[in-house]
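Work through the exercises below with the sequence and the model open. Each task is followed by a solution in steps.

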Amino acid sequence: MEESRLSGQSANRFWQTDFKRITPQALTPQKLSAPDLLIVFGLLLAFVPWMAGGRDALAMLISAAGLAVAGMLALRRYSLNGVSSPVLAISIGVWLSWGALSQLWSVNRYQSQLWLMMMLLAALAAIITVVQPRLNRQWLIGGYLIMATIMVLAGLYMYLTGDYDRFTSTFYWANPAAAYLLPAVLLATWWGVRYRWWWMMVVALITATGFWLTDSRGATLTLALVAGLSFAASQRVRQRWKGILLVAVLSFAAAWGVTLLKSNHQAVQPGSRYVEAAQGESTSGKDRLSYLSDSLAIWWDHPLAGTGAGTFATVHPQYQTSATNASTDPHNIYVQALAEQGIVGACLLAWVLLLIIAGVINGVSRHPQCAPLALAAGALLIHFGLDINGRYPALLVLVAVLLALVYQPLIRSDAPRHARPTIMLLLALTLGLVSANYLSVHARQNAEIHNDNGDFDLAAQANQQSHQIVIHDPDSWNAEGIDYFVLASINNDRQANLAKARDLANQAIQRDPLDAQHYFLLGRVERLAGNPQAAKQAFERTLQLDRYNHAEYYADLVALQLSQGDLDGARQTVDTALTIFTDQVIANRSADTRLKPAVEQLRMFKDQIQQQTQSQLPSS
């Protein structure tokens, strides 16, 4: 074991550099040994913005595998003594344990398991970053800037050839893409302007161009706030204001020019969404206030323990107030913790953040040259309170690594004997959980392929394989039930397949009792089985749980009511549905391909009801 490498003067040379007399050669990363190179490479793998910003099951598996390799090598080569505070380690462990324990009362255990996997990835990445030698960290910073640059270049191709009007790159939404680029813009701009490195200026211009193309108001406000604080606090930043302004102007002009090249000419011009907000045309601000209000309402109903870590998406439809403010996140990770983990989990998270911030402040006070890294990490923490960053492993791991690069414990102490095996166990556990999730998701993907090919028997088998794995989405039970329902609908062994579909719908309800789609499947099964009363009860329960997101729920209930001759009930259901799903809602949710056909069907039902009502009126 090469623990002596940490205590040598060479291991601290980067942090002891006289930055007043800095040259590019002074910061040139030293050549890494093969094990150190693997450590850095494994950490970089963990926050590469893979598919959907790292949310895809395969992306999470790659990240977990990279961390496992990096962690095992770092733990074998370097000492744990003095790298962290026992109080912080225990606090993080207690918070993660509370989130894991919430599976006992969680309304959706799978969502809680996903939350635990993502948080473990972030925590382990921070631990490995702290353990490895500080000289290696130059490679981490450089690797991140390279990844951000590549992300923008790939994203520009997607932006120019795709239909979406904002830059997203490998993220599904523009706002988390902006969050990923935010630290890169700050770091590359400052280092490029401060030390006049042309290659860093190129990185700054490229990443800032992608940042502007996201047209993320929250990220831009965060950037403005952080820049303002930097100008107020640092004379050196004020001295470089011309270079910083030049990067901002050139990158904004480049972003504007890129929008003119977009193939369908339907790009959002950078800054235009601010104009919409000023003119009152944007509803995103109101929506975010609505999400916060809904989160507080969820917490009020579950004050102590919450609904289970990661379960906001499952619970929110019961608190939703309109069809246009649906969300799987409250766009504020701190308020989300309050709703999902109750006052206990929120207080634990606040304590952990307080300890981390204290350590970061201590790190900056000891090494002022680390202030840009602290600023970049702080910008991300601020943005975590404005958007949906908590669902993206790439962002969670990135902020953890940036904080760990600066963190210095207030009181150094020797690591306990059990620290090393505990971390190794957590690495193995995380890799195992992520691997199981990947196998389950892969089986579901196979089921979707069979469904597309019309092989419903094979699709049902694949869905069954998915939910036989210890970690699985309860939707796989529902998906298998749909397969049997479809087989019954085409008169393929109807009674046996209906019995299977009913059983699977009930099992899905048992595992995820607040998800309306399971009751919807049950209602369809009962209707096809000739049990109208049971079908009606299931459809009504469906709408109790989710009133604003699925017009087909109303359409199926209306069809049942009409088949039973209940014109008054059908009229009331249609009127309620058409009041909710207006043309404005259809335009707002254009990505939902099922909404418009369902609304058209409801309008046809309305005409049918009017005709039947008129035919029943006595002739004059």
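**Exercise 1.** Which residues does lysine 262 touch, not counting residues up to four places away in sequence?

Solution. Step 1: take contact as heavy atoms within 4.5 Å. Step 2: list the partners of lysine 262, leaving out residues up to four places away in sequence; they are Tyr159, Leu160, Gly162, Asp163, Tyr164, Asp165 and Ala267. Helices here are DSSP runs of H or I with at least four residues, numbered from the N terminus.

The model is a predicted one, in which local features need pLDDT of at least 70 and side-chain atom pairs count only at pLDDT 80 or more, while totals for chains, interfaces and linings use all residues. Residues are numbered from 1 along each chain as its sequence is written, and side-chain values use heavy atoms, with hydrogens and water left out.

**Exercise 2.** Which side chain of opposite charge is nearest to lysine 262, and how far away is it?

Solution. Step 1: count Lys and Arg as positive and Asp and Glu as negative, leaving out His and the chain ends. Step 2: the nearest side chain of opposite charge is aspartate 163, 6.6 Å away. Step 3: apply the salt-bridge rule, a side-chain nitrogen of Lys or Arg within 4 Å of a carboxyl oxygen of Asp or Glu. Lysine 262 has no salt bridge, yet it is buried.

**Exercise 3.** How many salt bridges does the rule give? Describe the pairs of glutamate 526, aspartate 556 and arginine 571.

Solution. Step 1: the count is nine. Step 2: glutamate 526 pairs with arginine 502 at 2.9 Å, N to O. Glutamate 526 is in helix 22 (residues 516–528) and arginine 502 in helix 21 (residues 494–511), so this pair ties together parts 24 residues apart in sequence. Glutamate 526 counts as buried at 10% relative accessibility, whereas arginine 502 is partly exposed at 25%.

Step 1: in the salt bridge between aspartate 556 and arginine 524, the closest N and O atoms are 2.7 Å apart. Aspartate 556 belongs to helix 24 (residues 551–563) and arginine 524 to helix 22, so parts 32 residues apart in sequence are tied together. Aspartate 556 is buried at 12%; arginine 524 is partly exposed at 30%.

Step 2: arginine 571 bonds to aspartate 568 in a salt bridge, with 2.9 Å between the closest N and O atoms. Both residues are in helix 25 (residues 567–580), three residues apart, or about one turn of the helix. Arginine 571 is partly exposed at 29%, and aspartate 568 is exposed at 54%.

**Exercise 4.** Where do arginine 196 and histidine 331 lie, and is each buried or exposed?

Solution. Step 1: recall that most residues other than glycine have a negative phi. Step 2: arginine 196 has a positive phi of about 55 degrees; its place is the loop between helix 7 (174–195) and helix 8 (198–214), and it is exposed at 77%. Step 3: histidine 331 has a positive phi of about 65 degrees. Histidine 331 sits in the loop between helix 14 (312–315) and helix 15 (333–366) and is buried at 12%.

Key:
Buried means under 20% relative accessible area, exposed over 50%, partly exposed in between (1.4 Å probe, protein chains only). Helices (H or I, at least four residues) and strands (E, at least two) are DSSP runs, numbered from the N terminus.
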